[in-house]
Amino acid sequence: MRKARRYLLPLYLLLGACMPVASNDTASRAASAVESSASLPPMKSFSVPRPSVPAASNTDLARDFLDLSFALESGRPLTTFTRFEGPITVRVTGQAPVSLGPDLSRLLHRLRTEAGINVSQVGAANANITIQAVTRDDIRKALPSAACFVVPNVSSLAEYKGARNTRQTSWSQLKSRDRLAIFIPADSAPQEIRDCLHEELAQALGPLNDLYRLPDSVFNDDNVHTVLTGYDMTILRAYYDPSLRTGMSRNDVADRLPAIFARINPRGQNGAPQRLSKTPRVWIEAVQTALGPGANPAQRRNAASEALKVATAMGWTDHRRAFSHYAMGRLLQSIDPATAQDHFVLAQRYFGNRPDTALHRAYVASQLAAYAISSGRTDDALYLLTPHLDTAARHENAALLATLMMLRAEALDLAGRPTEARAVRLDSLGWARYGFGADWAVRAKLREVGSLNPARRRPGSL
C-alpha cells in the first residue's frame with residue numbers, strides 16, 4: 001500500500017511554510033504570467049529510464065530480500081513465499097487518464113528487461129492483475145490512510161468491498177498468487193498515478209513489506225523514491241529466479257539466495273555489507289505520527305522529537321538519523337525557522353555523499369535553497385540547487401525537478417539575470433504539469449516559490 005503522498009518526505013509543497021508571503025498587490029513576473037488567461041506549456045514526461053546499479057552488497061541484499069518477502073508492513077511474519085508462476089497478464093479498467101497508458105507501458109517494459117519478469121498487458125477480463133482507475137474519494141472510503149493499494153483475490157473495488165476483512169483478501173492467509181487488483185486515483189496528478197503504478201505493481205508481483213533501512217528503494221515508507229530503482233529491479237529479478245517457487249519456507253529461500261545474487265549481481269559479491277540495524281517499531285510509529293495524517297501540530301512535534309531521541313539512542317549515523325532531523329525541521333519551520341534550518345543542515349550531513357542517498361539530498365537542498373533565497377543569499381541558493389537538477393531528472397521526479405527549477409529561477413532573478421530566470425521558469429512549467437497536475441496547482445506552486453523572493457516583498461511586510 002502506498003501511503004498518501006505528501007505525508008512523508010516530499011518537501012516541495014511546503015517550501016514556503018515558514019517564509020513571509022508576498023501580498024497580493026506585489027505579484028512577481030512569474031505570478032503575473034500565470035494569472036493571465038494564457039494556457040500553460042504542454043506537459044512534459046520522462047522517456048528513457050536511467051536507474052542506478054545497486055550499491056548494496058549481496059550479503060545485505062539477501063538479508064533485505066528475506067525481510068521484505070517474509071513479513072507484512074505491519075510487522076506480521078509470513079511463513080510462505082508466494083509469487084505468480086508462469087506468464088503474468090495485466091489489464092486496466094475504469095476511467096483511466098491519458099497518462100496512465102504510456103506510463104504503464106514503460107513500467108512493464110522495464111519489468112521485462114530489467115527484472116526478467118514475463119508480464120504483459122491484455123484486454124481480457126481474466127487477467128492476473130487488474131488495475132482499476134477510481135476516484136481518490138473511492139480510495140479514501142475503502143482505505144482512509146492510502147493513496148492507492150493492492151488486494152489479493154479480487155478484480156474490482158466493488159468485489160473488494162464485499163470481501164473486505166475476510167480470508168479472501170488477507171495477505172497473511174495467501175498461499176499462491178493468481179488474481180490481484182490495484183486501485184489507483186484517476187483524478188490525481190500524472191506523477192501520483194505513475195508512482196502508484198510502480199509501488200503497487202511491485203508489491204503485487206513481489207515483496208509485501210517496506211523497510212525504512214533501505215535508502216534506495218520504493219520498498220520504504222518514507223516515499224523518497226517514486227519509481228522503481230536499480231535496487232528494486234534486482235530484488236524483483238531474484239524474486240522470479242527459476243530456483244525459487246511458491247510455497248517455499250524462509251529457510252528454503254535463504255539457502256538459495258547466495259547463488260542467485262552471485263549470478264544476477266556479481267558486482268555485489270565483493271561489496272562490504274553495512275548490516276544496518278533493524279528499525280524499531282517505536283521509531284516507525286513516531287515518524288508516522290509526526291508526518292502522517294491524524295495528529296495535531298503539538299502531537300506531531302512530540303512524535304518527531306521522540307523519533308530523533310530513538311535515532312540518537314540507537315547510535316544511527318545513516319539515512320534514518322537524517323530523516324529524523326528532516327522530520328523535526330519540517331515541523332518546526334512554521335514556528336522556529338532558524339532551528340528548523342539547523343535540522344535540515346544536520347539531515348544533509350547525515351545523508352552523506354553515498355550514491356544511494358542522492359535523491360534525499362536533493363529534497364533537503366530544496367529546503368536549504370528556499371531559506372537562502374528568502375535571505376537574499378543568491379550565490380548560496382544557486383550552489384545548493386545546481387547539482388540536484390540532474391538527480392531529480394534521473395529519478396524521474398517531475399514535481400521535485402519543477403520545484404528546483406522554480407527556485408533556481410528566483411535565485412537568477414535575484415542575481416540580476418532575468419532572461420535566464422524567465423527561460424528556466426518557463427521550462428519548469430511542463431514538468432510541473434506532470435508533477436502537480438491541475439493548472440491551479442502549478443500556479444499555486446509558482447506563487448509559493450515566488451513569495452520567497454525578498455525583492456518582491458512589500459516594505460514592512462516582515
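## Stop 1: a group of rings

Select Trp316, which is buried, with a relative accessible area of 3%; buried means under 20% relative accessible area, exposed over 50%, and partly exposed in between, computed with a 1.4 Å probe on protein chains only. Before going further, note that this is a predicted model, in which local features need pLDDT of at least 70, side-chain atom pairs count only at pLDDT 80 or more, and totals for chains, interfaces and linings use all residues. Residues are numbered from 1 along each chain as its sequence is written, and side-chain values use heavy atoms, with hydrogens and water left out.

A search of the whole structure finds 17 aromatic pairs. Rings of Phe, Tyr and Trp (its six-membered ring) pair if their centres lie within 6.5 Å; planes under 30 degrees apart count as stacked, over 60 as edge-to-face and the rest as tilted. Trp283 and Trp316 form an edge-to-face pair, 5.5 Å centre to centre with 80 degrees between the planes. Trp283 lies in helix H9 and Trp316 in the loop between helix H10 (297-313) and helix H11 (319-332), so the pair ties together parts that are 33 residues apart in sequence. Helices (H or I, at least four residues) and strands (E, at least two) are DSSP runs, numbered from the N terminus.

Next, select Phe323 and Tyr326. The ring centres of Phe323 and Tyr326 are 5.9 Å apart and the planes are at 50 degrees, so this pair is tilted. Phe323 and Tyr326 are three residues apart in helix H11, which means about one helical turn separates them. Both Phe323 and Tyr326 are buried. To see one whole aromatic cluster, select Tyr212, Trp283, Trp316, Phe323, Tyr326, Phe344 and Tyr371.

## Stop 2

Go to Leu68 in helix H2 (residues 58-69). Is Leu68 buried or exposed? Leu68 is buried, with a relative accessible area of 0%. Show what touches Leu68: leaving out residues up to four places away in sequence, the list is Pro207, Leu208, Asn209, Asp210, Leu211, Leu214, Phe219, Tyr231 and Ile235. Contact means heavy atoms within 4.5 Å. Asp210 is 142 residues from Leu68 along the chain, yet their C-alpha atoms are separated by 6.4 Å.

Tyr231 and Ile235 are among the buried residues of H7, so colour helix H7 (residues 230-239) next; nine of its ten residues are buried. The buried residues of H7 pack against H2, H3, H6 and helix H8 (250-264).

## Stop 3: the nonpolar core

Which residues touch the most other members of the largest nonpolar core? They are Phe65, Leu111, Ile129 and Leu201, out of 58 residues in this core. A nonpolar core is a set of buried Ala, Val, Leu, Ile, Met, Phe, Trp, Tyr and Cys residues joined through side-chain atoms within 4.5 Å. Helix H6 (residues 190-205) gives the most to this core, with seven residues. Zoom in on Leu111: not counting residues up to four places away in sequence, Leu111 touches Gly116, Ile117, Val119, Leu201, Leu205, Leu228, Met233 and Leu236.

## Stop 4: a cavity and a pocket

On a 1 Å grid over the protein atoms alone, a cavity is a set of points where a 1.4 Å probe fits but cannot get out, and a pocket is an open set with protein on both sides within 12 Å along at least five of seven lines; lining residues have an atom within 4 Å of a point. Grid points are joined across faces, edges and corners, and a volume is the space filled by probe spheres set on the points.

The whole structure has one cavity of 30 Å³ or more. Select Asp103, Arg106, Leu107, Arg110, Arg194, His198 and Glu396, which line the largest cavity. The space in the largest cavity is about 40 Å³. Helix H3 gives the most to this lining, with four residues.

Strand S5 (146-152) and helix H9 (281-291) are the elements that give two or more residues to the lining. S5 gives the most, with four residues.
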